[in-house]
Structures are given as structure tokens and as C-alpha cells.
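Dear colleague,

Here is the structure I promised to pass on to you. Please open it beside this message, and then read the notes below with it in view.

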Amino acid sequence: MGYSLHFGAIWASFDRLLFGLALGLGLAAAAVLVGTIIGLLAAFASVGPSRIGRLVAGTYVTLIRNLPLLVLVLLVYFALPQAGIRLDKYESFIGALALYSGAYLTEVFRGGLLSVPKGVVEAGRSIGLTRFQTGLWVTAPIMLRNALPSLGNTFIGMFKDSSIAAAIAIPELTFEARKINVDTFRVVETWLVASALYVATCFAIASLLRGLERRFPKF
Amino acid sequence: MELFLDQVWTARWPLWDGFLLTIEIAAAAIACGTLLGCLVGIQLVFAPTLIRLPFRIYVDVMRGTPLLVLILAAFYIPSVVGLNLSATQAGIVALALFAGAHIGELLRGALQSIPPGQSEAARSIGLTFPQMLAYVLLPQALRSALPPWINTGVELIKGSSLLSMIGVGELLLKTQEVIGRTFMTIEFYVFAGVLYLVTNILLDQLGKTVERRVGGHL
């Protein structure tokens, strides 16, 4: 025992932690953006009429959801170059996280699609919108609104998972924290501050989302 | 392919040991996490505000912190405060604390979704609080919490792969060691991935079977 807290060494490197935090947010945002496209396509396929589409979407979701993210990240980072695809570590991590978040977003959007009442779709069709127009102007807005809470939670989850980028030496918050930990031996302080930064950021995003949900009342 | 299978055969014992350790770690974490989670869940619902608050903070901190940060913290912190934990023990502690918060939260949800008539009925036939908990509320709550509980098990098996980063010789680290020797990167990562996949899908199916059998009459 006899450990006393000294936060000085942490404040000296605090800007690095903040940059790491911003980088983590950026990685998560990029991944969720790409993941949203994957998720939308897979969600439409999974409720669509094509059996092959449903099969492919279902297999994708099952595969990704049962695989550890770290395995996926390492596979994309170390194995793709062997197959002749060279990506830098940022691209490869965003790719892996996008693939990962895409599976969760598929479920999110699928739930959203199923929550759209049949009546409004029929109403859209009966006022003369084409199938595509109904999808774009009627189904999509309601689905997105209904999926908003889960969409936000997925983003928070992916922000937390961006810590795994430390495994391939991307200097985000966890990587910097570990470095400061090893450099200064202010072990307790480092992890307290790192954890507090993550918790505060998650909390801030969650409050932001609740505000957004209030602005757009649920259909 | 033949070369790969040959290498798998050569490395079968390290890989098997790693796989077993992964299962053991996940099992230990879910056991400790469930005990902790039951305590936390009950406190979150029934304790007075002042006692509830620390549990609320614990749950929110655990849920807001990435698992990797918890694992690294559990790995580095004990030694400086005079506790001597092996990397495996530290990893289990981190996973158990993480699981405890998640299970506590899902038990809270399950307890709160029981209609109030149930506890009123229990009170009016003269059950004490522990009796009410044991015979009326927990049987219903545990039943509806079962599917997400199994899902926590899957999350723990996935999360145990992060222990490779603190040098615990579980499946992923053993796989990386084999890759270091054979340079068969794609093959062995895919191999490890398939092992995780099969384990998790089996666990998931088991959960669905149990759910069908016990979840019938709610």
C-alpha cells in the first residue's frame, strides 16, 4: 500500500489523451457511417422478398455478431495484405469496425422497418407514390426515427470498441493511456482519467441523443 | 491446405489449451458476474436512494468504459496497491466486474417489468420481503432475464479474446503464437474465428432451447 495520488504527470500529457479521444470518436463515426450503408442494405434485404437476400443478410449478421471484434480487426489488418490488399492501419480498422457495426445496425434497421405501420405504407401507395417513392418518403423517415435510440446506442458501443484500435497501435485514448501508464507509473491516475473520459463522453453522446429524440417526436 | 492441416495438427495442444482457457475464463467471469449482478440488480430496485447511488454509479461507470480499459486497469492497478494477481486472475476480475454491471442492469429491467400486483399479492398473503423475492419476484425476473443473460455469456467469450493483450494464453494469444511460427496468418486467424463462432452459436442455440422450455407461461 502507501500509494498516493499525483495527477500532475497525467495533466502534463492530457492533450494527448484528448487527441486520442477525438481520434476514437472519428474512427467510430467513420465506421458507423459506412456501417449504416451496409446495415441499410442488409436490413432491406432481410425483410425483402428475395430468399437469397435474406440468407446472405442473416448469415452476415450471425457471423459478425458471434466473432470477437479483436479477431476481426487482426484478420483485416494482418491477413488482407497477404491476400494482396494493402490498407494503412486507420483504413483497415475503420473497415473492420464498419463491418462489425454493420451487423448490429442491420438488426437496428430491421427492427425499425418492422415498426413502420402497414397503414401508412398503403396510404402512400394509394395516393399514387411508386414503391420506391413510398420507401424513400414514407418508410425511411419513420424507420429512422424509430431506430434513433438504438442507432445512438450502437454509436456509443462502437466508440467504446474503438479502444480496440490500440491493438494495432492506433494512438487513440486507450493506446495513449497505456503509454502514459508505462512512462510515468502513475497507474491508478491514468486509468481513472481514461475511464472518466470515456464515461463522460458516452454520457454526453447519450444526453445529446435524448435531446434529439425529444425534438423529433416518435411516430 | 494440407500444409495448414498439418500445422494445425502440430499445434493442436497449445490451441486446445487456449480454447479451454477461454471457456474457463468466460465461465468463471459469468459465475462471479451473475452473483454480483443479482446483488446489484436487487439493490438498484429495492434499496433506498443513498445505498442505491453507489450501485448506480458502479453500473454506469462499467457500462461507459470500454472492456479493454477495464482489463488494462485490472492488470496494472492491483500491483501498485499491493495485491498480487496473475494476468489471468486480473482478466477474470475485469470480465466479472463488467458482467456484474450488465447483469445487474438487465435484472433491474426484469424486476421492474413485473406487474406491481404481484408484489402486492405477495405482501397481502403475508410473505416477508426475502420470501417475496425468493418465491414471487426472482423466479419471474430470472426467467425473462434468461435470454439476455445467455447473450452476456457470448459477449464474455468474445471479450475474453482481449485478454491476449495482457498476455493471457487464451485462444487468440495461442493462435498468434502459432502464426508467429508458421506465418500462416489468414489460415490461423480464420481457424480461431471459426472456433469462436461455433462456440458462440452453440451457446446461443442452447439459450434459445432453454428459453423455449422455461419461458412458456409468462
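A:Leu136 sits in helix α7 of chain A, and, since this is a predicted model, everything I say about this residue and the others is computed from predicted coordinates. A:Leu136 counts as partly exposed because 13 other C-beta atoms lie within 10 Å of its own, where 12 or fewer would have made a residue exposed and 20 or more would have made it buried. Between the C-alpha atoms of A:Leu136 and A:Trp191 there is a separation of 46 Å, the two residues being 55 positions apart along the chain.

A:Trp191 leads on to helix α9 of chain A, where it is one of the buried residues. This helix covers residues 187-215, which makes 29 residues, and from its first C-alpha to its last it reaches 42 Å, close to the 42 Å expected at 1.5 Å a residue. Besides A:Trp191, the buried residues of α9(A) include A:Val187, A:Glu189, A:Leu197, A:Tyr198 and A:Cys202. What do the buried residues of α9(A) pack against? In chain A they pack against α1 (8-12), α2 (14-47), α7 (131-161) and α8 (173-184), and in chain B against α3 (49-64) and α4 (67-80).

That brings us to chain B, which has nine helices and zero strands. Its C-alpha trace spans about 70 × 45 × 25 Å along the principal axes, and 39% of its 218 residues count as buried. Among the contacts in chain B with a separation of 6 or more, 77% come from residues 24 or more positions apart.

Two pairs of helices in chain B deserve a careful look. Two packed helices are described by the angle between their axes and the distance between the axes. For α4(B) and helix α5 of chain B (residues 87-112), the angle is about 135 degrees and the axes are 8 Å apart, which makes α4(B) oblique to α5(B). The contact draws on residues of α4(B), among them B:Leu67, B:Ile71 and B:Phe75, and on residues of α5(B), among them B:Ala87, B:Gly91 and B:Phe98. Sorted by class, the residues of this contact of α4(B) with α5(B) are twelve nonpolar, one polar and no charged. The crossing of α4(B) and α5(B) is right-handed.

The second pair is helix α6 (residues 116-124) and helix α7 (residues 129-160) of chain B, whose axes come within 10 Å and cross at roughly 140 degrees. α6(B) and α7(B) are therefore oblique to each other, and their crossing is right-handed. From α6(B), the residues B:Gln118, B:Ser119, B:Ala122 and B:Arg123 meet B:Met132, B:Val136 and B:Leu137 in α7(B). The contact of α6(B) with α7(B) comprises four nonpolar, two polar and one charged residues.

Finally, how many residues of chain B are in contact with chain A? There are 29 of them, and they touch 33 residues of chain A. On the side of chain B that touches chain A, at least two residues each come from α3, α4, α7 and α9 (185-214) of chain B, and α9(B) gives the most, with nine residues. By class, that side of chain B has 20 nonpolar, seven polar and two charged residues.

With best wishes

How values were computed
Residues are numbered from 1 along each chain as its sequence is written. Chains are lettered from A and ligands numbered from 1 in the order in which they are written. This is a predicted model: local features need pLDDT of at least 70, side-chain atom pairs count only at pLDDT 80 or more; totals for chains, interfaces and linings use all residues. Helices (H or I, at least four residues) and strands (E, at least two) are DSSP runs, numbered from the N terminus. The expected span of a helix is 1.5 Å times one less than its number of residues. Two residues are in contact if their C-beta atoms, placed from the backbone, lie within 7 Å. Axes are lines fitted to C-alpha atoms, for helices over the stretch in contact, and angles run from 0 to 180 degrees between N-to-C directions. Angles under 35 degrees count as roughly parallel, over 145 as roughly antiparallel, 65 to 115 as roughly perpendicular and the rest as oblique. A crossing is left-handed if the near helix is turned anticlockwise from the far one by less than a right angle, and right-handed if clockwise. Ala, Val, Leu, Ile, Met, Phe, Trp, Tyr, Cys and Pro count as nonpolar, Asp, Glu, Lys and Arg as charged, and the others, Gly among them, as polar.
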